Amino acid sequence: MKIFARTFFLSLITLAILSLTFILRPPKEERSSKNKLTIFCWGAYLPEEVLARFEKESGISVSCSFFTTNEELLSKVRQSKGKGYDIYICSDYAIKTLIREGFIKPYESHLIPVKERISPYLLHQFQDRENRYSLPLSWEIYGLILPKDSITKESSFSLKEIFDKPLVKERVVMTPDPVEAVTFAAHYLFGQSDDLDLAKLTKIRGLLKNQKKWVESYTDYRTKQLVATENCRAGLMKTFFLSELARENPHISFV
């Protein structure tokens, strides 16, 4: 099957310390003191040992506030008018909104030499075509988890495992993120496409609406439990959760 990757972005910090994120810098006048960075980010993506190393090497202390969804981040940033944060960590479409509403400013390119080592494939995405406000920091692989006994050398897996009703004999697990759901549905229906017109979006909506009939749950964290306990035959999952899955459930495979 194809493996789909979603990219995430960074500006200001040159350490590769985050995953599944974008990092952005608010306007200069909104920043906290020179010896402190305040980061607004997803939970569980900032290793304490890396932050401690950064503080030791730079002499700058780091304080983190957390959110659980991009919508929560946008709501809190609007409420505070962007004050109190130096770095935002969020996903692609949230970046576009933050740029449009004036909560971030262009970074100084010469201060981020790591930019030259970033794969061109990850640059110039829709949310910031010129990468004036953000840079890719990490990307993540998505795949299907299935019982090992359903996999043979001749097996050929694809998104049909979660979208094709004649093939789906049991219930499945789907991503809870609507942006991801639309992306996967678009890949299933149209392959690699950078242009989703109204006709295509109508078909995507129809597919996702019909798929609800056999979706057990829209979740990230519970995917492995639902498949491991055989409540679902297949689930869409991020590799972030894979190591724990493999360790605790050797009868489950990721494809």
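The structure is a predicted model, in which local features require pLDDT of at least 70 and side-chain atom pairs count only at pLDDT 80 or more, whereas totals for chains, interfaces and linings use all residues. Residues are numbered from 1 along each chain as its sequence is written, and side-chain values use heavy atoms, with hydrogens and water left out.

Helices (H or I, at least four residues) and strands (E, at least two) are DSSP runs numbered from the N terminus. Two strands are taken to pair if DSSP finds at least two bridges between them. Strand β3 runs parallel to strand β4 (residues 61-67), to which it is joined by 7 bridges. A parallel pairing over 2 bridges also links β3 to strand β5 (residues 87-89). Ile39 stands opposite Cys64 in β4 and opposite Ile87 in β5.

In soluble globular proteins, nonpolar side chains tend to be buried together. A nonpolar core is defined as a set of buried Ala, Val, Leu, Ile, Met, Phe, Trp, Tyr and Cys residues joined through side-chain atoms within 4.5 Å. The largest such core has 25 residues, and those with the most contacts inside it are Leu73, Tyr88 and Leu98. Two or more residues are given to this core by each of β3, α1 (48-58), β4, α2 (70-80), β5 and α3 (92-100). Its largest share, 5 residues, comes from β3. A second, separate core of 19 residues includes Leu144, Ile162, Met174 and Leu208.

Tyr88 lies in strand β5 and is buried, with a relative accessible area of 0%. Although Tyr88 and Thr38 are 50 residues apart in sequence, their C-alpha atoms are 8.9 Å apart in space. Contact means heavy atoms within 4.5 Å. Apart from neighbours within four places in sequence, Leu73 is in contact with Phe40, Phe67, Tyr88, Ile89, Cys90 and Leu98.

Asn70, in helix α2, is also buried, with a relative accessible area of 2%. The side chain of Asn70 reaches the backbone nitrogen of Ser91 at 2.9 Å. A polar contact is a pair of N or O atoms within 3.5 Å; within protein, one must be able to donate a hydrogen and the other to accept it, and residues adjacent in sequence count only if both atoms are side-chain atoms. The side chains of Asn70 and Tyr93 make such a contact at 3.4 Å.

Definitions and conventions. Buried means under 20% relative accessible area, exposed over 50%, partly exposed in between (1.4 Å probe, protein chains only).
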